[in-house]
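Trainee: I have a protein model to read. Please show me where to start.

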Amino acid sequence: MRSTFTSFGYREIQTPMFENLELFTAKSGEGIIEEIYAFKDKGGRDLALRPELTAPVMRFYVEKLQMEPKPLKLFYFGSCFRYDRPQKGRYREFQQAGCELIGTNTTEAYAELIALAYLLLKNIGLTNINVNIGNLTILSAVFDRLGLSKDQRKHLIPLIDKSLFDDVQTVLSECGLEPKKAQDFVTFLQTSDKEKIKKFVKGDPVAENEFTNLEKMLDLLGSSFQIKNYQIKLSIVRGLDYYKGLVFEIEAPILGAEKQLCGGGAYELVPLFGGTDVPTVGFAIGFDRAILALETEKFSFPKKQLDAFVIPVNEEMIQKSLQLAQILRQNNVTVDVDLLRRGVGKALKYANTLNVKTVLLVGPKELETDSVTLRDMKTGNQELVKISDVLSKVKNM
Ligand code: HAM
């Protein structure tokens, strides 16, 4: 994942594991406290373990990075903490791998960002993932047209989020919407047919303009990144309160209930934290869930392999063995040395459990000719090798 992020020009940053509680309540209100680990420190300050990294990164940006040339591309790996009910794929401490793109909102910036999220998951070896793309500006323009109040929206959004479309229709009827209009809205939420969506938003300049840009972005995803397995899904509302405009999610259907691997979109936090307004967009991948998806897809994880294991055949050989290991390490060879003085037979058995390519036996007889015995652990073949040749031999194994 790191090499994919850096191949797109992103730079890694780290922020503290805990922040002032206010950083997370500023946008979401006090209600969020129920969902996070909030506590007072010895000085009576209200703090919280971070539930995510977007707000911390934006705080950092406002404090230190506003003058940097744009766009700024930042990525991170880190622990997050949420007071969730633990279950498979949902933990109270979990890892996120994510990024924030600051200073651009062009269609190409959005296309590149979604492509990056997709490729991060593809490049680690996942085969079956789906990208769903929505837009909150379009959704809110439609809410406006239907004349729904703030309270009514608040009631509807969790139902839309959970795809409970029958309930959405019921609530809309209760709000006094004609059945035909309610039905059309529910169809709009569920369709990914561009023509149907266009027809639905026709006459609303804000929604029309936003949808044209969305289409341009989708064209770039297909033509420049060869990503075609995406779906428009206008029912994506996202759980966090700071989103505005583009939103997207990537899921691994194989995971069942907790299938969402990645979530992101455009958002507004910088002005709230006292910075100069600037476009911001990003996403985060649930690292643990990505691993879970790989395991469920029966991905064969590469086994850790050690290049060499050095065994001193007696106590007098310890110093020479450590020296030899050190020379190899300085030349980028991964090496371990037997530290237990356990005898050659047992040490060889242990080396086997480490999945070592070669074992180097350092003994007094071999040292008389400045040599060691090199054992190929795959074939079991042994040969006498000059110490000056050990490095190239091990590297060529
Ligand atoms: P989020 O959708 O809340 O977005 O989290 C991103 C991902 O973290 C989810 O898709 C999921 O894979 C993983 N995740 C969330 N909660 C848990 C949990 N309790 N256990 C395991 N995995 C979990 C954000 O956090 C935004 N900050 C993303 C973002 C960045 N938006 C803009 N920039």
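**Reading pockets, ligand and rings**

Mentor: By class, the lining of the second largest pocket has eight nonpolar, eight polar and four charged residues. Nonpolar means Ala, Val, Leu, Ile, Met, Phe, Trp, Tyr, Cys and Pro; charged means Asp, Glu, Lys and Arg; the others, Gly among them, are polar. This is a predicted model: local features need pLDDT of at least 70, side-chain atom pairs need 80 or more, and totals for chains, interfaces and linings use all residues. Residues are numbered from 1 along each chain as its sequence is written, and side-chain values use heavy atoms, without hydrogens or water.

Trainee: What volume does the second largest pocket have, and which residues lie nearest its centre?

Mentor: First, the idea. On a 1 Å grid over the protein atoms alone, a pocket is an open set of points where a 1.4 Å probe fits, with protein on both sides within 12 Å along at least five of seven lines; lining residues have an atom within 4 Å of a point. Grid points are joined across faces, edges and corners, and the volume is the space filled by probe spheres set on the points. Here that volume is about 430 Å³. N105, Y110, E210, K244 and A266 lie nearest the centre, out of 20 lining residues.

Trainee: Which element gives the most to this pocket's lining?

Mentor: α10 does, with four residues. Helices (H or I, at least four residues) and strands (E, at least two) are DSSP runs, numbered from the N terminus.

Trainee: Now the ligand. How many residues surround the ligand, and which are the closest?

Mentor: A residue is near if one of its heavy atoms lies within 4 Å. Here 27 residues surround the ligand, and E52, T54, Y91, Y243 and Q260 are the closest. β10 gives the most to this shell, with seven residues.

Trainee: Which side chain has an N or O atom 2.5 Å from a ligand nitrogen?

Mentor: Look for polar contacts, pairs of N or O atoms within 3.5 Å. The side chain of E52 is 2.5 Å from a ligand nitrogen. For the side chain of Y242, the distance to a ligand nitrogen is 3.0 Å. At G286, a backbone N or O atom lies 3.4 Å from a ligand oxygen.

Trainee: How do I read a ring pair?

Mentor: Use the distance of the centres and the angle of the planes. Rings of Phe, Tyr and Trp (its six-membered ring) pair if their centres lie within 6.5 Å; planes under 30 degrees apart are stacked, over 60 edge-to-face, the rest tilted. The count is 15 aromatic pairs. F5 and F77 have centres 6.2 Å apart and planes at 85°, so they are edge-to-face. F5 is in helix α1 and F77 in strand β5, 72 residues apart.

Trainee: And the backbone?

Mentor: Most peptide bonds are trans. A cis bond joins K70 and P71, with omega about -5°.

Notes: Polar contact = N/O pair within 3.5 Å; in protein donor to acceptor, adjacent residues only side chain to side chain.
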